[in-house]
Amino acid sequence: MKRNIIISLTLWLSLVAVAQTQVAEFNPGIAANGVNYALPKTLLKVDASAIKVVYTPGEFAKYAERYLHISGVNAEPSTTWNVTSLTVYQEGVPDTTKVYTVKLKDKTVAPMVQLTNSGILVAVNAHSEQEEHALPDMRTTHHKREARQYLTEEILSATSIAKMAELTAQEILDIRESKNAIKRGQVESMPKDGASLKIVLDELNAQEEALTQLFTGYVDTTFVAKSYAIMPAEDIDKHVLFRFSRKLGFVEADDLAGDPYFLSVKNLHTVVFPDERETAKRKIEGLVYNMPSMAHVIINTMQGAVYEQDLPFAQFGIIDTLSPALFNKGATTKLTLYPATGGILHLEQ
């Protein structure tokens, strides 16, 4: 889990004068007496998960319908991929154009400031829990059963594949009949208790499944996850986020072997920007935070939208300040910010 940096800075308050906590733009050329913090710009991330299914036909695949009445068995191996899910979320990346210092002066009480390990401000006089997004590891599940151990001497000595298939099918039918007889209590030597009965039936089921795979084949499944990230600086129209092939899985964005997944981001301009005259008058006189603007995010394939949502983005919005008086001596103001946008999550006085 990411480590949060929690800085608690306290100085004595003079009985003669009351000073406010000051915030200024960060100047790396000056050793400031205070806490430096950054506001974020918003990184859009997409975690895509897929399943690879590898089919291996059985040795007796072409005899499945004749001897076991199982139709539609494919005698050719195949590999298919399918996208199973898309997880869309946001992360905050320090914006080097929005770095500030909470200045400490004599006779001033500064607040407790919580930063992420990349220096983004997330809380003042409060604690903010940081959400983690870990990409799952690739994993493969094998479904093949060892059938050879269950082949009788008669089956192994057969002189043709067709004869082996016929005898194996008869063995499967005998196993099914044995299971039914045990369940009905029609065998001479019944298991003594429920646990023994389960052991016997489990073994018969394992034999049946393994031998049946000689006809139906088996599949191995592999789970794969990929993460994609983009930092929108302006509107995006059908950017190829990645391509995906039913035969190859995830491929590069310029590989035409895969079908494209398009990303579009449209700024909805939900924040009103001040005009030039008002901007010129504005001074940084309190804690600086972001006012993000909402944007419409769509992920499309050639078949249509697979994700559509309005999300806030710090870089499409503006900055604003909180009154310094909120953090004066005696104040109990608690502030938490969204790590991905720098916007206010919770403000309590």
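How are helix 3 and helix 4 oriented to each other, roughly parallel or roughly antiparallel? Before you look, note that this is a predicted model, where local features need pLDDT of at least 70, side-chain atom pairs count only at pLDDT 80 or more, and totals for chains, interfaces and linings use all residues. Residues are numbered from 1 along each chain as its sequence is written, and side-chain values use heavy atoms, leaving out hydrogens and water.

**Stop 1: the helix pair.** Select residues 161-184 (helix 3) and 194-216 (helix 4), whose axes lie 10 Å apart at an angle of about 155 degrees. Helices here are DSSP runs of H or I with at least four residues, and strands are E runs of at least two, numbered from the N terminus. Axes are lines fitted to C-alpha atoms, for helices over the stretch in contact, and angles run from 0 to 180 degrees between N-to-C directions. Helix 3 and helix 4 are therefore roughly antiparallel, a label for angles over 145 degrees.

**Stop 2: their contact.** Contact means heavy atoms within 4.5 Å.

**Stop 3: inside and end of helix 3.** Now colour Met164, Leu167 and Ala181, which are among the buried residues of helix 3; buried means under 20% relative accessible area (1.4 Å probe, protein chains only).

**Stop 4: strand 12.** Finally, go to threonine 301 in strand 12 (residues 287-301). Threonine 301 is buried, at 12% relative accessible area, and touches Pro260, Tyr261 and Val306, not counting residues up to four places away in sequence.

Definitions and conventions. Parallel < 35°, antiparallel > 145°, perpendicular 65-115°, else oblique. Buried < 20%, exposed > 50% of the residue type's maximum accessible area, 1.4 Å probe, protein only.
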